[in-house]
Structure formats: C-alpha cells, structure tokens
Amino acid sequence: MKPSTKPVCHHFFKPFSYFHFNFLKYEENASLYTLISYFSTSQSHNSETKNLIKELNGDITSCPKLLRKKKSHFTHFLGSSNDNYLNTFVSPEKPKVHNANAISNISVEGSTGSSIRKPINLLLFMCHSPVKNVMWEARSSIFGRPSNSAVVQSLQNDLIAKTPSRSRTNVLFKFSSDYTLRERYRNPRNEIRIGKLLEDLDALAATISYKHCSSNDGTSRSIKLVTASMEKMILKKTIRIDTDLTIEGAVIWVGCSSLEIQLEVKQSTPESSNTTESVALTANFTFVARDSKTGKSARINAILPETEKEKLLWEEAKERNKMRKEKREQKHDTNIGDNVNRLNKLLAEALLDRDSILIKETCLQNSLVCQPEQRNIHGQIFGGFLMRKAFELAYATAYSFAGSTPCFVEVDYVDFLKPVDVGDFLQLKSCVLYTELENMSRPLIYVEVVSHVTQPEHLSSEVSNNFYFTFTVSSDSLRNGLKIRNVVPGTEEEARRVIEHIDVNKQKRLKECV
C-alpha cells in the first residue's frame with residue numbers, strides 16, 4: 001500500500017453546532033482526550049454513551065478500537081450524516097510511513113477555514129506549526145521502530161552514496177485557500193511571520209537530513225542528527241501571505257559526520273516569469289550526526305552530485321565548511337592589541353558624533369523555562385523554537401532602537417553550541433551590535449542575540465546559541481525624517497564581538513563577488 005504523503009486530518013463535529021474541530025494525526029491522542037472530555041461534559045448524551053466514556057477513560061490506547069466498536073452510539077448522537085467524519089476520526093487502518101524515501105511531497109493545511117472561536121482546551125493542542133507536526137510524525141514513524149542490535153550494526157557498516165534527488169522534499173502551504181493557515185502565519189503588517197518560517201525550515205532540514213542518512217530501503221540507523229548551525233538566510237523579496245508557498249530542499253554536501261542542506265522558499269506571482277524569480281528566500285543548515293548511544297560522531301552516507309548545479313552547490317558548501325573550520329581555529333588567535341586600536345578608533349569617531357549610542361543602551365532580554373511541548377523527537381528543545389524566540393527578540397530590539405517598524409533582511413548565521421533540555425531556564429539577551437550607514441537610503445541594523453542556559457541554584461550560566469540578524473527600515477520612514485544612529489562599543493569585549501562580525505561579513509562578501 002502506498003503511504004500517504006499528505007498530513008492526515010481527523011475531523012469531528014456535532015450537527016447544528018458552532019464548533020468545528022480539526023487536528024493533525026500527530027495529535028491523535030490529544031484529539032481523543034478532547035473527544036472524551038466533550039462527551040463527558042455534554043448534557044445530551046444517554047446512559048450508554050456514559051458507560052462508553054468510562055471504558056475510554058480506562059484505557060486511552062484502545063480508544064480507536066472502542067470507538068469503532070461502539071460507533072453506533074456516536075452515530076445515534078451525531079446523526080447519520082456525520083458517519084464519514086466519525087470513520088476518519090476513529091480509523092486505525094491508515095498506514096504509517098515507515099520508509100524515509102516516501103517523504104517527498106507534503107501539503108500543509110490548517111483547518112477547514114472556519115473562523116469560529118475554538119474552546120480553550122482545544123487550543124492547547126494547536127501550539128505547533130502544521131509543517132512541524134507533519135515532519136515529526138514522519139520522523140517518528142521512520143525512526144521510532146525498535147530494531148535489534150545486529151540490524152543496527154549492519155546499517156552502520158553498510159554506508160552508501162546517495163544523490164541529492166534522493167533527499168529532495170517539498171512542502172506546500174495552501175495560503176490562498178486556507179484562511180486558518182494564513183492567520184497562523186500572518187504578522188501585523190499582513191506579511192509572513194519570519195519566526196514561524198524559521199521553525200518550519202529547521203524541521204524540514206532535519207527531516208531531509210534523516211532521509212539522506214537512512215539506509216537504501218528507507219529504514220533507520222542508530223544515530224541522532226542535531227542542528228549545528230545555519231548559514232546566511234537571505235530574504236530576496238517580500239513573502240505574501242495570500243499566495244501559496246512552497247519550501248523545497250535537499251542535501252547538497254556531506255562530510256564524515258556532518259551534512260549541509262539547502263532550502264528554497266518559493267512563491268510564484270504574476271510578476272515572476274521564471275523559477276529563479278519565484279525564489280523568495282534561501283537558507284543553508286548544517287547538521288551533525290551522533291551515535292544515539294555513545295554520543296560520539298557517527299559516519300553517514302556519502303553524496304553523489306549528478307547535475308552541474310548540484311556539483312556547483314557541492315563546491316560552494318565545501319568552501320563554506322572550510323571557512324567554518326578556519327574561523328574556529330582563528331578565534332583564539334585574535335590580536336588583542338589590534339582590537340584595542342580599532343576600539344580606540346571607533347570611540348574617537350564616536351566622540352565626533354553626538355548622535356552615537358553605546359551598545360549597552362540598546363539591550364533587551366527575555367527569560368523562559370523550556371516546556372515539554374517545545375521538545376523534539378530526541379527529548380531536547382527544538383532548534384526551530386529557539387530560532388523563533390531569538391528572532392522575535394531581535395525584531396523587538398531593532399524596533400526599539402530604530403523607532404520605526406524594522407524590515408527583515410537576513411539571518412547572518414546561527415551557532416548551536418549546546419543542547420537545551422526540557423526544564424532549562426533560558427535567558428535570551430540581545431543588542432544592536434553595530435549599524436552600517438554608508439548607504440543612507442538603506443541603513444543596516446545588525447542585531448546579536450545570545451541565549452544562556454542558566455542554573456540559578458549554582459549561580460552559573462552557559463552559552464547555548466549565538467544568533468545574528470540584519471534589519472533595515474522602510475524607505476517611507478526615511479523620507480519622513482527617520483535617522484538611524486551609529487552604535488559603538490564601550491568595552492574591549494564588545495569591540496572584539498563587533499570586529500569579529502564585521503570581518504566575517506567582509507569575508508563572505510568577498511567570496512560572493514568572486
């Protein structure tokens with residue numbers, strides 16, 4: 001039987017009711033609990049239904065079976081016209097995807113488009129993005145199956161080479177026809193929420209990496225893949241919220257235990273005459289493979305680029321990997337004296353500019369305790385969630401600093417230095433690191449966000465992530481007299497961070513020009 005490539009939705013509603021519920025299959029147990037709760041609190045069910053509720057509450061794992069067995073009771077309560085909806089809700093026969101190669105084309109939907117307000121207990125199960133739920137469901141099906149140690153060892157030893165096309169995956173967002181989906185992704189400016197898009201990009205990149213690292217028949221290997229970094233994510237054009245959107249990606253480079261995935265966000269408009277013009281955003285993620293038992297680096301399948309474009313992407317990714325290694329090696333060799341000289345120069349220039357502002361005066365911060373609902377399939381906090389929270393804080397920082405609604409330009413890069421666990425006390429601290437004012441028609445605001453895993457009991461904290469975002473302001477604001485101030489460091493440590501970021505950006509621009 002061919003596995004379904006669309007998220008399976010379960011629908012249930014009472015005739016002549018104002019409620020219309022919609023859940024992804026990933027949340028089936030939550031939906032069943034909600035169904036039980038609904039009937040338990042309803043005043044219009046009979047004694048037979050009450051007895052069924054007791055049975056269901058006794059063993060939640062048998063809910064689908066019991067519901068199908070007792071379907072006549074619910075049909076009597078719901079009315080025969082809703083028999084099909086009940087069938088789809090309780091159906092246990094829908095096949096699960098156990099093959100990584102089957103995940104290629106995914107259609108993301110919200111609900112049926114009803115704008116009726118949902119009960120609060122239902123909203124508790126709607127906090128995740130639809131695409132993230134679908135990705136996790138697929139990965140859970142593939143990698144959640146038990147396997148004996150002999151099979152696992154065989155899969156570890158029998159590494160293969162895969163073409164990029166083997167891992168290529170597409171996700172379609174039906175914004176044009178799905179009102180609920182649009183509302184979940186809409187920002188106050190009637191554009192897409194970049195933070196939620198970051199979540200989806202990370203979820204899709206992880207699924208693509210798992211597809212590449214699976215065996216030839218799509219079965220799992222005993223490894224854990226974690227996000228190591230995200231390279232420059234560039235917004236090439238405004239993403240509309242009323243037009244269908246496609247995210248497409250594939251593995252483009254593989255090392256011994258790391259791999260790079262490139263994702264493209266595409267949105268066709270009447271103005272875009274070809275495929276290149278439809279690309280609205282690009283992003284590159286790097287994942288590393290770890291043995292699920294020892295935590296050590298694990299070797300992964302090689303890549304075999306076929307087309308000229310795939311070979312070019314492989315060369316570019318190889319160069320980026322080389323630059324990352326050089327950056328790590330040079331990080332501890334920074335010339336402090338040179339930094340001080342450059343700091344003094346920056347401060348001397350700042351003295352002549354009375355409108356300049358110190359970095360510390362632009363800072364904002366946010367704190368949270370990481371909850372179980374934010375974890376990934378490995379039980380740690382989902383990297384996309386961290387990126388969304390960092391982006392939202394960076395956006396607020398740029399807004400507060402500029403005094404006008406900021407416009408997102410790009411994510412410079414993101415480093416994942418330490419995993420974040422459920423229950424960790426996370427502190428996100430942001431600042432405007434510096435500004436570029438050479439082009440006054442498009443001033444650039446560089447925002448740094450650093451996340452710390454804090455242990456108040458021990459008065460200690462450790463950096464888990466570094467995030468770097470770039471914003472600008474609208475041309476209308478500039479025409480109305482808005483002026484962006486120059487930001488300067490006040491300490492040697494701040495100067496080091498500014499200089500390091502400026503140098504990295506210069507190197508990347510030189511590479512792009514070659």
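Predicted model: local features only at pLDDT ≥ 70, side-chain atom pairs only at ≥ 80, totals over all residues.

Contact, in these notes, means heavy atoms within 4.5 Å.

**Entry: the core.** Next I asked which residues touch the most other members of the largest nonpolar core. They are Leu201, Met233 and Phe469, in a core of 85 residues. Helix H11, residues 194–213, is the top contributor, giving 11 residues. I also checked where this core lies: domain 1 (160–325) and domain 2 (353–513) both give residues to it, so it sits between them. A reminder to myself: in soluble globular proteins, nonpolar side chains tend to be buried together.

**Entry: cysteines.** How many disulfides does the structure hold? I counted zero. Cys363 is in no disulfide, and its nearest cysteine sulfur, that of Cys431, is 5.0 Å away. For a disulfide I would need the two sulfur atoms within 2.5 Å. I then compared burial against the cut-offs of under 20% for buried and over 50% for exposed. Cys213 counts as buried because its relative accessibility is 2%. Cys363 counts as partly exposed, because its value is 42%.

Entry: Most residues other than glycine have a negative phi, so I went looking for exceptions. Asn190 is not a glycine, yet has a positive phi of about 65°. I placed Asn190 in the loop between helix H10 (179–185) and H11. With 45% relative accessibility, Asn190 counts as partly exposed. Leu459 also is not a glycine and has a positive phi, of about 55°. Leu459 is found in the loop between strand E15 (444–455) and strand E16 (460–473). Is Leu459 buried or exposed? Leu459 is exposed, because its relative accessible area is 80%.

**Entry: confidence.** I finished with the pLDDT. The chain averages 75, and 63% of the residues score at least 70. Over residues 1–45 the pLDDT is below 50, although the model gives this stretch 114 contacts beyond near neighbours in sequence. Residues 73–98 also have a pLDDT below 50, with 61 contacts beyond near neighbours in sequence.

Technical notes
Residues numbered from 1 in each chain as written. Heavy atoms only, no water. Core = buried A, V, L, I, M, F, W, Y, C linked by side-chain atoms within 4.5 Å. Buried < 20%, exposed > 50% of the residue type's maximum accessible area, 1.4 Å probe, protein only. Helix = DSSP H or I, 4+ residues; strand = E, 2+ residues; numbered from the N terminus. Domains from an automatic or database assignment. pLDDT = per-residue confidence, 0-100.
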